[in-house]
Amino acid sequence: MTLETVAENRAFGGVQGVYSHHSQETGTDMTFSVYVPPHTEGAKLPVLWYLSGLTCTHANVTEKGEFRAACAEHGVIFIAPDTSPRGQDLGGQDVPNDEAYDFGQGAGFYVDATQEPWAKNFRMRSYIERELPSLIATQFPTADMERQGITGHSMGGHGALTIALRASLRNPDRFKSVSAFAPIVSPLNCSWGEKALNGYIGDDRDAWREYDACALIEDGAKLPNLLVDQGTADDFLKDQLKTGLLALACKKAGIPTQIRMQEGYDHSYYFISTVMADHVKWHAERLTDSTTF
């Protein structure tokens with residue numbers, strides 16, 4: 001794959017880069033960001049994936065997430081993909097205009113769509129699970145793909161949880177740490193999820209279960225550990241996020257889980273940036289070995 005450098009900037013002794021490439025999965029150009037912290041020559045560093053939420057691109061967390069100081073301190077590579085394929089001609093002339101923030105461009109929900117006109121391009125599951133990791137492994141030799149963690153916010157929290165849970169059924173060593181910021185925990189039980197999964201996957205609710213964290217846990221998927229931060233003043237907590245469903249599912253399944261209800265915090269990057277360094281440290285403790293970075 002040909003990788004184009006959009007921008008590279010020095011930050012906290014490392015390099016914050018933004019890159020683009022043509023995706024075989026989505027059939028479009030995709031943009032993502034990578035922060036590589038300072039390290040000794042030849043070092044291999046653990047990787048932390050961050051999946052963004054509705055309406056976001058790679059840029060939201062890259063510009064507002066305040067992760068670089070912590071990544072530099074703990075020697076963690078931070079990768080932020082986009083949330084969906086993009087383009088004026090996306091999917092052909094049958095694709096509706098992006099009139100809704102919770103469906104279409106910016107709202108890929110990390111699924112492989114099966115319904116027209118979305119099936120051709122909206123393949124974010126395969127892009128995140130296979131294509132982009134393969135690209136990172138070949139283009140960023142510092143990345144240790146044997147030590148991966150994953151996190152995300154809102155729709156991206158849903159993506160992080162479901163990708164990690166599905167991986168646990170096929171490759172349980174794929175992700176050694178999993179966390180989330182205000183995740184959508186059960187798309188089967190909220191209007192955001194019902195709209196997205198019905199539109200992308202169709203009306204067979206049994207087929208939705210592999211894109212629902214609580215359903216995956218009920219069906220036997222496990223996580224080695226889980227950290228979730230959720231603001232108590234989040235306007236979406238009651239109707240869309242439903243954190244309590246995840247707490248109950250994890251308790252029943254015996255998954256080691258820490259869910260921290262953060263008093264007075266909302267759904268914004270003011271909240272994410274407040275707890276981001278703690279998440280990076282938490283992942284680093286589970287990903288970092290004695291290798292000098």
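Another residue of strand 2, V15, is the bridge partner of R10. Seven bridges link strand 1 and strand 2 (residues 14-22) in the antiparallel sense; strands count as paired if DSSP finds at least two bridges between them. Two residues lie between these strands in their hairpin, where F12 takes a positive phi near 50°.

This is a predicted model, in which local features need pLDDT of at least 70, side-chain atom pairs count only at pLDDT 80 or more, and totals for chains, interfaces and linings use all residues. Residues are numbered from 1 along each chain as its sequence is written, and side-chain values use heavy atoms, with hydrogens and water left out.

## On to strand 3

Strand 2 also runs antiparallel to strand 3 (residues 29-36), joined to it by eight bridges. Here Q16 sits opposite Y35 of strand 3. The hairpin of strand 2 and strand 3 has six residues between the strands, and G27 takes a positive phi near 70° there.

Seven of the nine residues of strand 2 are buried, meaning under 20% relative accessible area with a 1.4 Å probe, protein chains only.

## The whole sheet

Conventions:
Helix = DSSP H or I, 4+ residues; strand = E, 2+ residues; numbered from the N terminus. Buried < 20%, exposed > 50% of the residue type's maximum accessible area, 1.4 Å probe, protein only.
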